[in-house]
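Let's take a walk through a protein model together, one piece at a time. Have the sequence and the 3D view ready as you read.

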Amino acid sequence: MTTSRGRRPQRGVRDAAWTTALAVPAVVLVAALVLPLAGLLLTASPSELAGGLRHPLVGPALRLSLLTTVIAVAFIIVAGTPLAWFLARWRTRAGRVLEVLVQIPVVVPPAVAGVALLLAFGRQGLFGPALARVGVGLPFSTPAVVLAEIFVAAPFFLQGAVDAFRRVNEDLLVVAHSLGAGRTRVFFTVAVPLALPGLVGGAAMAWARALGEFGATLMFAGNLTGRTQTLPLAIYTALESDLSAARAIALILMAVAFALLLAIRAGARR
Amino acid sequence: MSMARVAAVFALVAAVFAGAGAMPVGHAAAAAPAQELVVFEASSLKDAFAVLAEKFQARHAGIKVATNAAGSQELRTQIEHGAQADVFASADLKHMDKLRQAGLVLAPTVFACNQPVLVVRAGSRVKSFKDLPDVERLVVGAPDVPIGTYSDQILAAAARQFGADWSKRVQARIVSRELNVRQVLAKVTLGEADAGIVYRTDAMTAKGKAIPIAIPDALNVTAEYPIAALAAAPRADLAAAWIALVMSPAGQAVLAQHGFTACPKK
């Protein structure tokens, strides 16, 4: 940047003021998001972390968290992609109502979501007796964990996927049709590839939400090591006896989430 | 403007904030004494202490009683990390002892006792504690939650009396180890679990949705509730007055109404 005559220096000053005005709130937000995590990480001693890793709750909870979230997210993608496609293309009032309806779980507090799941699928719930007749008892089981994760996480995928499908240029679909491609082919070879970044982003958000799910799981699935105790529940259980173990498990959860989200984003860019 | 300059401005702003954070703050608050008594109470005390708070406010004009009800472990962690409170009432001795060792509370006094009971779903076939293996789904507290620790002690004593087979069948019925006693009760009142072990005081709040069944005295344990003023209490005078109210005949009567039992004489 030149510094001598003319208007340039003044504009430089204005630029700096403008950038500072933007930077102040940005830095405050970064601090609000990062400082608590730094506190978690920096106040832990290496021996505490090692002890946390060896905590008896960690292994089973990590396995269960990975298993249930992979199943939940796989289901959300397989069922949610066609749903998002319909929602993006139906321009009727019913379509808009349905779009809002499937977003509702986002605002339901997790513990209430757990009670709602019990009232639907529990022993005394709406569909509980019917399920019991075919030998299915969901509460306190691993499938209940998956169901709770789907309930809280699916809206995050749907939001990203609907937006992504809406941004797909209609003309490209029409052209593909006119060149002889069938509906299936247009969907899989034109619409999905064009929407892929949005689909992947939505899936990553849904996956992160499923991994951190706590309240609905505790209410609907209970807390039993190896069967329904995921990492967030293990953290709370450990918190009752030992803050350092809880912190170590929390750091494991964050590391796993960070690695997987990074991998998904890297994969999506390729 | 180049990225480097943007980054430089960011760094500058961050440095200013870090500097502001390092400056000593909080001296301004020490002006007038607080017109508030802050009570940290174990969740099971919530209803009884709400009644006592009204009595206290009636006797001390202009003073407001602010309560923070949570698990004893949570409250202890908050106090260890500098939470401002005047009084701490815990549902078990362990957490109070840890705070006493750390010099954070003054000498504690046991002010109430509570006993675990079995609760079963309305309409259950189970009529006595010995029938426990007949339930399909049993819910108890997590091992490190006080009610879970007591439940394990009771089940261990029962195993010695009723035999290893009884114990094995009961253990196989446990479908969840809940993180607090209210969650245990909720699972039973919602009808999802057939039975659970909770405090007598909690069972009294279930109002017919969960039926209490006494645990035989020979197997049962007594939960002792200690209370203490915090060493750094902003209103040590009010803290002492609160403890005196809790220990008074009027205070003890309120606790008894909520299901607390007299403590066994030692």
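## A buried phenylalanine in a loop

Let's start with A:Phe140, which counts as buried because it has 24 C-beta neighbours inside 10 Å. The cut-offs go like this: a residue is buried if 20 or more other C-beta atoms lie within 10 Å of its own, exposed if 12 or fewer, and partly exposed in between, with the C-beta atoms placed from the backbone. A:Phe140 sits in the loop between α6 (128-133) and α7 (142-167) of chain A. Its phi is near 65°, a positive value in a residue other than glycine.

Before we go on, a word on what you're looking at. This is a predicted model, where local features need pLDDT of at least 70 and side-chain atom pairs count only at pLDDT 80 or more, while totals for chains, interfaces and linings use all residues. Residues are numbered from 1 along each chain as its sequence is written, and chains are lettered from A and ligands numbered from 1 in the order in which they are written.

## A lysine to set beside it

Over in chain B, B:Lys207 also has a positive phi, of about 50°, although it is not a glycine. Look for B:Lys207 in the loop between α8 (200-203) and β9 (210-213) of chain B. Is B:Lys207 buried or exposed? It is exposed, with 8 other C-beta atoms within 10 Å.

## Chain A as a whole

How many helices and strands are there in chain A? You'll find 12 helices and 0 strands. (Helices here are DSSP runs of H or I with at least four residues, strands are runs of E with at least two, and both are numbered from the N terminus.) Read from the N terminus on, the elements of chain A go α-α-α-α-α-α-α-α-α-α-α-α.

Now for the dimensions. The C-alpha atoms of chain A fill a box of roughly 80 × 60 × 30 Å along the principal axes. Chain A has a radius of gyration of 24 Å, whereas a compact globule of 270 residues would have one near 18 Å. (That radius is taken over C-alpha atoms, and the globule rule is 2.2 Å times the number of residues to the power 0.38.) Of the 270 residues in chain A, 35% are buried. Among contacts in chain A with a separation of 6 or more, 77% join residues 24 or more positions apart. (Two residues are in contact if their C-beta atoms, placed from the backbone, lie within 7 Å.)

## A glycine in a helix

Next, find A:Gly215 in helix α10 (residues 215-220) of chain A. A:Gly215 is partly exposed, with 19 other C-beta atoms within 10 Å. Which residues does A:Gly215 touch, not counting those up to four places away in sequence? They are A:Pro109, A:Pro110, A:Ala111, A:Ala113 and A:Gly114. As for A:Ala50, it is 165 residues from A:Gly215 in sequence and 28 Å away in space, C-alpha to C-alpha.

## Helix pairs in chain B

Chain B has 10 helices and 10 strands, and 40% of its 266 residues count as buried. Take α2 (residues 46-59) and α10 (residues 249-257) of chain B: they pack at an angle of about 150°, with their axes 9 Å apart. (Axes are lines fitted to C-alpha atoms, for helices over the stretch in contact, and angles run from 0 to 180 degrees between N-to-C directions.) α2(B) and α10(B) are therefore roughly antiparallel to each other. (Angles under 35 degrees count as roughly parallel, over 145 as roughly antiparallel, 65 to 115 as roughly perpendicular and the rest as oblique.) On α2(B), the contact uses B:Ala48, B:Val51, B:Leu52 and B:Lys55, and on α10(B) it uses B:Ala250, B:Gly251, B:Val254 and B:Leu255.

Then there are α5 (residues 146-162) and α6 (residues 164-173) of chain B, which pack at about 140° with axes 6 Å apart. That makes α5(B) oblique to α6(B). Here B:Leu155, B:Ala158, B:Ala159 and B:Phe162 of α5(B) meet B:Ala164, B:Trp166, B:Ser167 and B:Val170 of α6(B).

## Where the chains meet

Finally, the contact between the chains takes 24 residues from chain A and 21 residues from chain B. On the side of chain A that touches chain B, α1 (8-42) and α11 (231-239) of chain A each supply at least two residues. The largest share of that side, 8 residues, comes from α1(A).
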